[in-house]
Amino acid sequence: MRAESRAIRGAGKRLGFVPTMGALHEGHLSLVRAARSSSDLVAASIFVNPTQFGANEDLAKYPRSFERDRELLQGERVELLFAPSVEEMYPAGAVTWVTVEGLSAKLDGRSRPGHFRGVTTVVAKLFHVVQPDAAFFGQKDAAQVAIIRRMVRDLNLPVEIGVCPIVRAADGLAMSSRNAYLDPDERKRALVLQRSLLRAEHLAETGERNAARLVAAGREEIDKESSVRLDYFEIVNPDTLDPLEDISGGGLVAVAAVVGGTRLIDNILLGNSRRE
């Protein structure tokens with residue numbers, strides 16, 4: 001990978017990069033297309049990163065479909081696929097971490113201690129190996145986007161960060177590799193995540209500026225599905241992830257909930273925060 005990257009840079013070509021954990025879906029492919037539209041060559045990685053999974057999370061059962069993923073990337077004309085082993089990414093005895101203090105303990109980081117430390121460490125490693133000019137991430141992982149942007153800024157990494165809109169299935173569910181865990185009934189109930197966001201958005205569009213009232217409305221919508229367990233429903237600054245009291249300047253409405261045994265996330269951007 002490093003040799004290929006050196007050759008690309010030496011030829012004056014622009015390299016776009018899409019890091020993934022595999023189990024690819026249309027959301028991932030939209031990132032590949034964004035990279036393609038602004039790059040001479042595109043690299044993608046497939047690496048199920050063990051350090052971003054907690055002790056009781058789904059590392060062992062996380063969906064893996066390497067050959068299918070490879071074929072999908074070939075169909076999108078991706079020139080380079082980097083698929084390292086855990087031993088390559090984490091040498092024996094590795095004790096060095098990249099941590100974005102503060103932000104990493106908010107939203108998903110509060111619910112999943114250590115998760116974002118694993119994310120930022122592996123993304124920094126991937127940037128170091130691949131050396132892309134630009135890397136592309138999905139808006140669905142809004143907290144991850146904010147944290148990676150801060151890491152890139154704080155460490156002076158020469159990588160542009162592109163953020164692409166959430167891709168949804170026909171029923172409105174945000175595309176996620178974890179959707180494969182849902183049975184038909186759970187999938188139907190999972191649609192309450194988007195409904196809760198749309199209810200808050202509707203209130204905002206009709207003039208409500210008090211974030212607490214929007215949050216209360218979103219949580220009330222989730223409560224209608226008694227078998228869905230809410231993790232959080234918050235309205236925050238999309239860059240700092242700090243809670244907002246007033247949404248006059250925009251905001252990120254983010255929700256996480258457990259449906260069956262599957263934790264799902266979704267979000268929308270309000271007003272001036274819309275980057276889509």
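**Figure 1. Overall fold of the predicted protein.** The secondary structure comprises ten helices and eight strands. The C-alpha trace spans about 55 × 40 × 40 Å along its principal axes. Of the 276 residues, 52% count as buried. The protein exposes about 12,900 Å², of which carbon and sulfur atoms supply 50%. Among contacts between residues at least 6 apart in sequence, 71% join residues at least 24 apart.

Figure 2. Three strands form an open sheet in the order β6-β7-β8, with antiparallel pairing. Strands β6 (228-236) and β8 (262-270) are the edge strands, each pairing on one side only. From one strand to the next, the twist averages 15°. Helix α10 (residues 211-223) packs on the sheet and touches β6, β7 and β8; the direction of α10 makes about 160° with that of β6. Nine bridges join β7 (residues 251-259) to β8 in the antiparallel sense, and V253 stands opposite I268 in β8.

**Figure 3. The salt bridge between R263 and D108.** The closest N and O atoms of R263 and D108 are 2.7 Å apart, forming a salt bridge. This pair links distant parts of the chain, with R263 in strand β8 and D108 in helix α5 (residues 108-111), 155 residues apart. D108 counts as buried because its relative accessibility is 7%, whereas R263, at 22%, counts as partly exposed.

**Figure 4. The salt bridge between D185 and R189 in helix α8.** D185 and R189 form a salt bridge in which the closest N and O atoms are 3.0 Å apart. Because the two residues are four apart in helix α8 (residues 184-190), about one helical turn separates D185 from R189. D185 is partly exposed, with a relative accessible area of 46%, while R189 is buried, at 15%.

Figure 5. The side chains of E220 and R199 meet in a salt bridge, at 2.4 Å from N to O. E220 lies in helix α10 and R199 in helix α9 (residues 192-205), so the pair ties together parts that are 21 residues apart in sequence. E220 is partly exposed, with a relative accessible area of 40%; R199 also counts as partly exposed, at 27% relative accessibility. Salt bridges with shared partners join R195, R199, E220, E221, K224 and E225 into one network. The count for the protein comes to 23 salt bridges.

Technical notes: Residues numbered from 1 in each chain as written. Predicted model: local features only at pLDDT ≥ 70, side-chain atom pairs only at ≥ 80, totals over all residues. Heavy atoms only, no water. Pairing = 2+ DSSP bridges. Axes fitted to C-alpha atoms, helices over the stretch in contact; angles between N-to-C directions. Contact = heavy atoms within 4.5 Å. Buried < 20%, exposed > 50% of the residue type's maximum accessible area, 1.4 Å probe, protein only. Areas by Shrake-Rupley, 256 points an atom, 1.4 Å probe, with all protein chains shown as cover. Salt bridge = Lys/Arg side-chain N within 4 Å of Asp/Glu carboxyl O.
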